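Hello,

Here is the structure for your files. My notes on it follow below.

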Amino acid sequence: MILATYSIKGGVGKTSATVNLAYLSARAGYRTLLWDLDPQGAASFYYRIKPKVKGGSKALLRGKRSLDEAVKGTDFELLDLIPADFSYRNLDLLLAGTPKSDRGLGRLLEPLLVEYDRVFIDCPPSISRMSEDVFRLADALLVPVIPTTLSARTLDQLTEFLAERPHAARLRVLPFFSMADGDKALHTDMMLRLPERYPDMLTVPVPQSTEVERMGIHRMPLAAYAPSVDASVAYEQLWGEIMRRLQPSAGPQAQ
Amino acid sequence: MQLEPRVYAIPEGSDGTRMAMALSTRLHCDAAAPVKLPTRWLDSFDWRLYAAGAALEEIGADTGRELVWHDLADGGASVVRQRIPEEPGFAQAMAPGPVRERLLPLLGIRRLLPLLDLDIGRRSLNVLDDEDKTVVRILIEEPRLRADNERAELPLSGRVRLLPVRGYGDALREVADLLEGELGLAAVYAPVLLEALSAAGIHPCSYSPKLDYRLDPRQRADAAAKEIHLGLLDTLSANVQGTIDNLDSEFLHDLRVATRRARSALTQIKGVFPEPVVADMKERFGWLQRVTGPVRDLDVYLLDFPVMRESLPAPLRGDLEPLRTFVLSHYDQEQRKLAAMLESPQLHSLLRDWRAFLEAPVPQAAAPINAMRPVKDVADARIGRMYRRVRREGRAITGDSPPEDLHELRKSCKKLRYLMEFFQSLYPQEEMRGLIKQTKTLLDNLGRFQDLAVQAEHLRETALAMHDEGMHEVGTMLAMGALMRDLLAGQQAARAEFAVTFERFDTRRNRATFEALFRARGGRR
């Protein structure tokens, strides 16, 4: 199952969510891979992995190196990561040079899919050939939305964009509220109104939290070192909700 | 590229504490306090996980229960794990998770049962790089087989396991060099489960309900028949306790199949045992088949229930629930009766007498007519004759034939199948497999025709019984009626398919293979 976290707008808590959800997936026992496609390399940094892929994206796309060689294990069992590389900034240009039928990122990822139960992709905030490849590839798109008018507008833009893409028809879009502040009237108001327009919206909001900002000091997922703070609890509940949405059929059955 | 985990034996004269000391003074690492892990290893009664190259470990029954899936081919490396709230049993009943995903297709309706318990003394060291990131994991393990009724506690060999962290192959090689060079450890392939099983005297895959005989064509027919019956008796006996404890429905199923096969072997391998013995055992196996019937019928209901429910239009599905409740309310009582029968002197003496007869030497004189003939001759004659009967009966069936004719054909067909399965090793493997498969296809069609009718009749009787016990929900009766209609429609469909199915069985080519393989020598008997 491939889950991509994506937002047109930056600074919305996307990487923090990816880092924590991937950690929770591995902790639940799934073989999990996190592909850090965001050239800022924040996810790689949080997992203490140097953001360098040998030969950069050129070597990957030209088939000189396989993605397999770039995979690094994290400090947590069952959780591996493909580090970001600054040359990913050029990935779009390179992908643009390959034919559409080439499947770009999908071709790179395919050999690894048998080794992992869950793949998380941390996408950079833009609409580009790369993100189009991700839309084609992923089973679900997790979209963090700050409960503000501007952030909600980018969600509208994304859904309009996807509606025009037939290849994204099977993609489940699961928006969730991120950096939510219950003391702000604008936030609470938006959190009431937006789900009316987006019934697929996940119900668990991730709160605004200084703890999340401190992840950069600890360099590990919040849920690993502070499992009982509000934001950790929220990530855990969010993860549970995502799994229930994506595999509703599995459940106990009497013998 | 996935790096392979490496396993080393702790050398004689050393132990876990000394190994941990030696490693932590030589490596930049982070050591956790030693722990004692109680672990339990599980499989189904018929070794489905082991046969698939997997091993399942349950750890921390007292703290947080977790199931760990190991790959035996990979030196017993753990692949995935899943927390579980309670003792593991059926995969179906587990919450979704990576271990359940792997268990479900292998286990089906079989229950996980404990194989053995180990206490593992474990020290873990994480080797770190200059950013304090883990680059290799080291586990130093000293397992002990836990004492139980049959044995005292037993130490197993200690191991140092290197678990690679992907992408840090250089660090793994450095640690391996240290272990192999300076510390002088030898690499071993030794998944702990395999050593523990062997220490406990448990033979993997010791149970299989499949018929797998290696007969010698020149062997005396009565000796071969005894070998066949002994195999069936072993299967039957192996399933008695699991049926009494009702661990899962396959115990009873396998017990009944072994009984049915034994009855068939008694009557179909003719003239090899004294007639009074045959008559006596036929009757006693008949009793066993009868007393095990009611619970099997209820099992079939419960196993089929989800499918039956789904086959109904959505608005009717909820109405079927009282049927399940009714079946469950009778289940315990029937199961208790069955357990009593299986614990009765009647069954004990059946198993004891039959084994005594089968293990006694064959008579050197005054043997029944076929006893001393080579088994191949007897098998040729019996299978050839049964094949011709199936063909004759099948060809006589027309669109107007009564159901009884199809039932008779089914019986003959079953006898033919069992005979071919008993004597399979006397004939070329490929051809035999083909013929058995063809016969099974024909049997499936005949089975559907009869079983669906029996199920429909059973449903009617259940409806009457429910009515007698004061359950008058009209919705339920209507839903059951809808089920009956579907069952009878399915039966009609099977009837309509019979002609084509039989035609595929009765081809010129099939006929030639049958005649060539089972040409009777020395006259028909």
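Strand β7 (residues 113-128) of chain B gives the largest share of the lining of the second largest pocket, seven residues. Strands (E, at least two residues) and helices (H or I, at least four) are DSSP runs numbered from the N terminus.

This is a predicted model, in which local features need pLDDT of at least 70 and side-chain atom pairs pLDDT 80 or more, while totals for chains, interfaces and linings use all residues. Residues are numbered from 1 along each chain as its sequence is written, chains are lettered from A and ligands numbered from 1 in the order written, and side-chain values use heavy atoms, without hydrogens and water.

The volume of the second largest pocket is about 1,100 Å³. Of its 41 lining residues, the closest to the centre are Glu77(A), Arg81(B), Arg122(B), Ser124(B) and Arg137(B). A pocket here is an open set of points on a 1 Å grid over the protein atoms alone, where a 1.4 Å probe fits, with protein on both sides within 12 Å along at least five of seven lines; lining residues have an atom within 4 Å of a point. The volume is the space filled by probe spheres set on the points, which are joined across faces, edges and corners.

His187(A) lies in helix α8 (residues 185-197) of chain A. Its relative accessibility is 5%, so His187(A) counts as buried (under 20% relative accessible area; exposed is over 50%, partly exposed in between; 1.4 Å probe, protein chains only).

Arg385(B), in helix α13 (residues 375-395) of chain B, is partly exposed because its relative accessibility is 42%.

Regards
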